[in-house]
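Reader: Hi! I am new to this and would like to go through a structure with you, one term at a time.

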Amino acid sequence: MNPHLRRFILPVVVLALSGCGGNAADDAGGSNKISAAVTTQAVHEGSLPDIVSAYGTAAPAIDAASTLSIQAEGAVTQFDVTAGTAVHRGQRLLTFTLSPTAAAAYQQARTALNVAQAVREHAAQLLAHQLTTRDQLAQADKAASDARSALDALRKQQGDGGTMELLAPVDGIVSSIAANRGDTLQPGAPLLSLARGGGLLVSVGIEMDPQHSPVSGDKVRLVPLGAGASVTGVVKRVAGMLDPHTHLQNADITPDGSVIAGMGYRADITVGQWHGWLIPRDALVEDGTAWQVFQVASGKAVKVPVTLVGESDTVSVVSGALDAHRPLVVVGNTQLEDGMAVRTAEPAK
């Protein structure tokens, strides 16, 4: 190399190396000031409902549904309701026309009563003139009484005319129509089914879990799977066996408010309470197969192993040696290690 060039190059190299050494020192010194930015909030103990969710449909209870019929032969000539109609007690449901045979039977019963009453009056007149006995009058009385009972029974079953109206015996909902208009029906044939108002249940299927199994009396929140407001309720019955078709444990829920027959509902059943530290779910950090959280003490992160007790959509309940006086890290915890320096932002709301 040219000696003259060497004189200029060597000082430049020395200066460059000196500059590199200075930056490294600065970096080494600055590493002692590295800290993680985190957001914290206060931690406190409390309770969270232990909720089991199940799905089902509102339907009439077995003891709330009744099938209405008329004990006479005839046909429905007019329906005033359809399936799903809400009705009030005394409201007309349908008009029923008696068959000629049923109408004739009623007329025969009226004639029989008139004849029996006439015989009885004649027997009474004969007894007044001592032309008959008291036993014969008693027999005439019995015949008249029997004829009246027969007519009253027919009147109760089919009215006292050629047509009769079937009225709603209670407030409720028409759950189904069982007869067709115009068909000739035998006495007692089902005409329609009526579910008593307030007699609706929500029947749900629950996944079997002995540790979180509902019992009668548990409080429930019923959320419609469609339009409508949620209502509260209570568990009325829990089956003691699994349904052989669904392999779920069936339960009946009595709603406190109004539900719609046939609508699907999600039942949030409170089966107990979880007790422990209430923390946001995001505050949990998984370490292999265990859970942990970080608190801040003297500007440094403190790792605290915890056990997950229960959780909702946003809140977890944990047990562990947390300190109520130390802030809990809720943002930035995934980058922390035990003992790492931290700087806190504004506490989470």
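Reader: Why is Asp-146 called partly exposed?

Author: Good place to start! This is a predicted model, in which local features need pLDDT of at least 70 and side-chain atom pairs count only at pLDDT 80 or more, while totals for chains, interfaces and linings use all residues. Residues are numbered from 1 along each chain as its sequence is written, and side-chain values use heavy atoms, leaving out hydrogens and water. Now the term: buried means under 20% relative accessible area, exposed means over 50%, and partly exposed is in between (1.4 Å probe, protein chains only). Asp-146 has 40% relative accessibility, so it counts as partly exposed.

Reader: What makes Lys-142 exposed?

Author: Its relative accessibility is 53%, so Lys-142 counts as exposed.

Reader: How do you know that Asp-146 forms a salt bridge with Lys-142?

Author: A salt bridge needs a side-chain nitrogen of Lys or Arg within 4 Å of a carboxyl oxygen of Asp or Glu. The closest N and O atoms of Asp-146 and Lys-142 are 2.9 Å apart, and the pair forms a salt bridge. Because they are four residues apart in helix H3 (residues 134-158), about one helical turn separates Asp-146 and Lys-142. Helices here are DSSP runs (H or I, at least four residues), strands are runs of E with at least two, and both are numbered from the N terminus.

Reader: Which residue forms a salt bridge with Arg-237?

Author: Asp-252 does, with the closest N and O atoms 3.0 Å apart. This pair links distant parts of the chain, with Arg-237 in strand S12 (residues 231-242) and Asp-252 in strand S13 (residues 249-255), 15 residues apart.

Reader: Is Asp-252 buried or exposed?

Author: Asp-252 has 13% relative accessibility, so it counts as buried.

Reader: What is the largest nonpolar core?

Author: A nonpolar core is a set of buried Ala, Val, Leu, Ile, Met, Phe, Trp, Tyr and Cys residues joined through side-chain atoms within 4.5 Å. The largest one has 22 residues, and those with the most contacts inside it include Val-76, Leu-94 and Phe-96. Strands S4 (74-79), S6 (92-98), S7 (163-167) and S9 (190-196) each supply at least two residues of this core. S6 gives the most, with four residues.

Reader: Why might such side chains gather?

Author: In soluble globular proteins, nonpolar side chains tend to be buried together.
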